[in-house]
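Take a look at it, then read on.

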Amino acid sequence: MSGATGAARQGVAEARRIVVKVGSSSLTTAAGGLDADRVDALVDVLAKHRGGDKEIVLVSSGAIAAGLAPLGLTRRPKDLARQQAAASVGQGLLVARYTASFARYGVRVGQILLTSDDMARRAHHRNASRTLDQLLTMGAFPVVNENDTIATDEIRFGDNDRLAALVAHLVHADLLVLLSDVDGLYDGNPAEPGTSRIAEVRGPADIAHVRIGSAGKAGVGTGGMVTKVEAASIAAAAGIPVVLTSASHAADALAARDTGTYFHRTGRRSADRLLWLQHASTPQGSLTLDDGAVRAVVERRTSLLPAGIAAVEGEFSAGDPVELRDVSGRAVARGLVNFDAKEIPRLIGRSTRELARDLGPAYEREVVHRDDLVLLRA
């Protein structure tokens with residue numbers, strides 16, 4: 001192990017609160033249905049590394065995959081209704097399997113089901129945070145999954161990798177471990193000769209040349225290496241280092257041995273609502289900004305005032321997330337709007353002082369406050 005790698009793994013060893021995410025392909029058979037031996041093997045590792053001053057939260061896929069075989073389905077269905085039916089059957093089987101497996105160590109399991117809407121609504125967000133903290137304080141083992149049974153296309157995370165990154169931020173984790181069926185990020189197809197594992201990633205430039213593959217052959221998951229790298233980037237940008245490796249190397253990852261790919265922190269922790277706003281919210285409409293407003297918002301990081309708005313699209317209410325676009329239609333930011341969509345047309349291009357005089361003091365405010373605004377990468 002090199003000095004640089006050793007220092008990075010030392011940071012892993014010192015992590016006190018860890019979020020571990022495991023994918024469907026690591027828990028189930030290709031035909032669907034839980035593999036009890038695989039679940040038990042993972043629980044053996046997690047139970048060994050928790051306790052004392054170490055806390056672990058598990059983000060587990062597998063509900064839909066676990067429900068396939070019991071419902072006579074041979075592959076993951078493409079339509080939402082049958083996915084939700086499979087999740088309804090599979091989620092109970094999944095948490096029952098975890099409950100039985102952790103019971104071997106005298107550990108109770110607490111189930112947390114989330115949708116992206118829960119992360120977007122501040123009250124739900126706070127409640128999820130408090131529940132997870134309380135479970136950890138009381139010695140229970142939290143198992144988090146997307147609520148596939150009720151989530152619609154509009155409010156789904158899309159994959160549990162992104163959910164894991166957001167949960168890591170939600171619980172103030174020191175480390176995120178992403179487990180899949182591949183033992184790290186490779187500089188090519190790992191099935192082909194001549195490729196090698198990338199041990200460390202210090203920033204996007206380190207993997208700009210890498211062609212990243214999609215979901216694996218099992219056909220039971222929704223992710224793939226693309227979603228894992230995206231999740232690692234989200235967590236790293238929020239100040240949380242990440243280890244990406246296979247479920248079979250979970251023990252090595254938690255023991256800070258040189259396995260998988262280590263993603264260094266690339267940013268600092270931001271406000272919770274800004275992270276969900278950027279990565280978990282679904283814009284309900286858009287505001288087109290004139291050139292001056294774009295410069296003010298992007299370069300000077302100011303609030304968006306009515307005078308800088310050129311057009312409005314969509315149906316939204318005050319408090320909803322909206323996209324801020326330049327005149328060419330490119331999204332430059334996302335923010336929480338302070339007015340309903342139907343109110344904005346009469347505000348366009350007018351100063352707050354003028355609006356306060358004509359419409360009342362309630363209109364002497366920003367359309368999007370800078371504290372409720374995130375810039376989007378170009």
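How many salt bridges does the count come to? A salt bridge here is a side-chain nitrogen of Lys or Arg within 4 Å of a carboxyl oxygen of Asp or Glu, and by this rule the count is 19. Keep in mind that this is a predicted model, where local features need pLDDT of at least 70, side-chain atom pairs count only at pLDDT 80 or more, and totals for chains, interfaces and linings use all residues. Residues are numbered from 1 along each chain as its sequence is written, and side-chain values use heavy atoms, with hydrogens and water left out.

Let's look at some of those salt bridges. One of them joins Arg197 to Asp258, with the closest N and O atoms 3.7 Å apart. This pair links distant parts of the chain: Arg197 sits in the loop between strand 5 and strand 6, Asp258 in the loop between helix 9 and strand 8, and they are 61 residues apart. (Helices, H or I with at least four residues, and strands, E with at least two, are DSSP runs numbered from the N terminus.) Arg197 has 30% relative accessibility, so it counts as partly exposed; that label lies between buried, under 20% relative accessible area, and exposed, over 50%, using a 1.4 Å probe and protein chains only. Another salt bridge pairs Arg257 with Asp252, at 2.6 Å between the closest N and O atoms.

Now for helix 4, residues 80-103. Its 24 residues, at 1.5 Å each, should span 34 Å (the expected span is 1.5 Å times one less than the number of residues), and its end C-alpha atoms are 33 Å apart, which agrees. Even so, there's a kink of about 30° centred on Gly90, the bend being the angle between axes fitted to the seven residues ending at a residue and the seven starting there. Gly90 is also among the buried residues of helix 4, as are Leu94 and Tyr98.

On to the strands. In a regular strand the side chains alternate between the two faces of the sheet. Strand 3 has a covered face with Gly110, Ile112 and Leu114, and an uncovered one with Val109, Gln111 and Leu113. Strand 3 runs parallel to strand 4, joined by six bridges (two strands pair if DSSP finds at least two bridges between them).

What about strand 5, residues 175-180? Six of its six residues are buried. Strand 5 pairs in the parallel sense with strand 1 over five bridges, and with strand 7, also parallel, over five bridges.
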